[in-house]
Amino acid sequence: MENKEIELEFSIKSGAPEKQRTACVVVGVFDGRKLSSPAVDIDRASDGYLSEILRGGDMDGKAGATLLLHRVPNVLAERVLLIGLGKEREFHEKAYRDAIATAAKTLRDTGSMEAVVTLSEIPVRKRDVAWNVKQAVIAAHDALYRFERMKSKPQEARRPLKRITFAVSRRGERKAGETGLTQGLAIAHGIKLAKDLGNTPSNVCTPDYLANEAKQLAQTYGFGCEVLDQAACEKLGMGAFLSVGKGSDKPPRFIVLTHEGGDKGDKPVVLVGKAITFDAGGISLKPPADMDEMNYDMSGGGAVLGAFRALGELKLPLNVVGLIPSCENLPDAHANKPGDIVTSMSGQTIEILNTDAEGRLILCDALTYAERFDPDAVIDLATLTGACVIALGAHPSALFANHDPLAREIEHAADAAWDRVWRMPLWDDYQEQLKSSIADMANIGGRPAGSITAACFLSRFAKKYHWAHLDIAGTAYKGGREKGSTGRPVSLLVHFLLDRAQE
Ligand code: BES
Ligand code: MN
Ligand code: ZN
């Protein structure tokens, strides 16, 4: 995808905030007008100018509050921007990221072209300097993201923000800061790619479009890339995957990306992403309300591409495979019909009781295909069930796994990334709901525990390796007025791979 936007630059610096020659220096104030330590430095240098202003009631330090000051005495920066941090005791991950986001947006909206942001110096419980800087880069990128490709006139900032420098408190922290910066940038770029792909409407973002995007990534970063077309998938016996795309005139694509950064013998991690470029439900047509959001049904595949972008940038010494089954689920004379029975690549037969439960049909063949890589672990990502959104809402992705150590590894990465997951049960008791009297299984398990029975369905195709499934239906995008992709769970995936690379 063409990128005409000016890339925002980030850097790291240590040094006294009052001595920064910059358009704007950003400092934090806690609720109750308590100054963060860089704000104290500025206050001292300016003989109590900040405290005086705060006493006057111009700003209280509540989360989200901002105040822009000009010509603060004895401060070299042209302006000082105060950011409210909320209560000091409650200054955890979310408050930290929110403060960075507020700072980035305020800088953009007030026309600063560059700034030194000292919020990255404020300690967050249990987190280190590298974490602070990494999350600052990710949060700033996220806050400034705009998708303007489909607007006839892009909304141009008067004087665009070009450079943010994050401060670290001591010289000795610069190295950790640089590590955070490098990782944060790679993750931010991966998130941006996933967002762009998710936000691109389905008349543009087709299976073939995603395949071309994968090929481009492969060229840039030296990945292997193979795109299987309809005929190739037929040869492999992918009867479940191919059945879903039959109602569409957009040909299906099965995308295979390989990054060989590890030793030859190292078993790879396989990432599998659901990429339904539009999910109308098929003959079991969805109701009209919110159907416009179903272009986001390729978010799992988009996250795999985003993770690969970061993987390429960081050149991680790991073997990683990406599998992206992609097609469109539409009603048509050729479409799947309720009651149809298909044979999956594994040989197991499936009675399609609802054509809208299509994600599991494309994933099951991808999971079988994954066997040929003799994987160390397989993680699939899918906007799989509305039931998941009912169960957990928009905060965590649902995590299912057939191997506890893998689940714990993912939970750890999710916490480090602040891209959270919540583990759900995958008990055999639920498998009964998938019984069919005609075929080996049905593709739906009734209303109770819908996200669990979907995971149980997938587990039948993932018996030969350690496997985890992330249902990202609630986390991959926002609906309604704030409609847009979140780029989740790219950060989680990259953290998972970083952890493995450091082993
Ligand atoms: N892509 C949807 C799941 C979905 C729904 C994601 C709402 C995000 C928001 C999936 O293909 C689907 O339609 N699932 C059905 C399954 C049901 C028929 C068993 C669902 O959740 O309604
Ligand atoms: Mn569906
Ligand atoms: Zn779907």
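Helices, in runs of at least four residues, and strands, in runs of at least two, are taken from DSSP and numbered from the N terminus, and in the predicted model described here this numbering places R71 in the loop between β4 (66-70) and β5 (79-84). Although R71 is not a glycine, its phi is positive, at about 50 degrees. With a relative accessibility of 74%, R71 counts as exposed, because the class of exposed residues begins over 50% relative accessible area.

A positive phi is also found at W418, which is likewise not a glycine and for which the value is about 55 degrees. W418 lies in the loop that runs between α12 (404-417) and β17 (421-423). A further feature of the backbone concerns the peptide bond from R488 to P489, which is cis, with omega near 0 degrees; P489 itself is placed in the loop between β21 (484-485) and α14 (490-502).

With regard to the overall arrangement, the domain assignment of the chain gives domain 1, covering 9-167, and domain 2, covering 192-502. The contact between them takes 13 residues from domain 1 and 15 residues from domain 2. When taken over C-alpha atoms, the centres of domain 1 and domain 2 are separated by 38 Å.

The size of an interface is often given as the accessible area lost when the parts come together. For domain 1 and domain 2, the area buried between them is about 1,100 Å², of which 52% is on carbon and sulfur atoms. On the side of domain 1, the residues Y145, F147 and R149 supply 39% of the area that this domain buries against domain 2, which is more than any other three residues supply.

Polar and charged interactions also cross this interface. Eight residue pairs in polar contact, with both residues at pLDDT 80 or more, are found between domain 1 and domain 2, and two salt bridges are found across the interface of these domains. In a salt bridge between R127 and D415, the side chains meet at 3.6 Å, from N to O.

As for the elements involved, those that give two or more residues to the side of domain 1 touching domain 2 are α3 (93-109) and α4 (129-144). Of the elements on this side, α4 gives the most, with five residues. Sorted by class, the side of domain 1 that touches domain 2 has five nonpolar residues, one polar residue and seven charged residues.

Notes. Residues are numbered from 1 along each chain as its sequence is written. Chains are lettered from A and ligands numbered from 1 in the order in which they are written. This is a predicted model: local features need pLDDT of at least 70, side-chain atom pairs count only at pLDDT 80 or more; totals for chains, interfaces and linings use all residues. Side-chain values use heavy atoms; hydrogens and water are left out. Domain bounds come from an automatic or database domain assignment. Contact means heavy atoms within 4.5 Å. Buried area is the accessible area (1.4 Å probe) that two parts lose on being put together, summed over both. A salt bridge is a side-chain nitrogen of Lys or Arg within 4 Å of a carboxyl oxygen of Asp or Glu. A polar contact is a pair of N or O atoms within 3.5 Å; within protein, one must be able to donate a hydrogen and the other to accept it, and residues adjacent in sequence count only if both atoms are side-chain atoms. Ala, Val, Leu, Ile, Met, Phe, Trp, Tyr, Cys and Pro count as nonpolar, Asp, Glu, Lys and Arg as charged, and the others, Gly among them, as polar. Buried means under 20% relative accessible area, exposed over 50%, partly exposed in between (1.4 Å probe, protein chains only).
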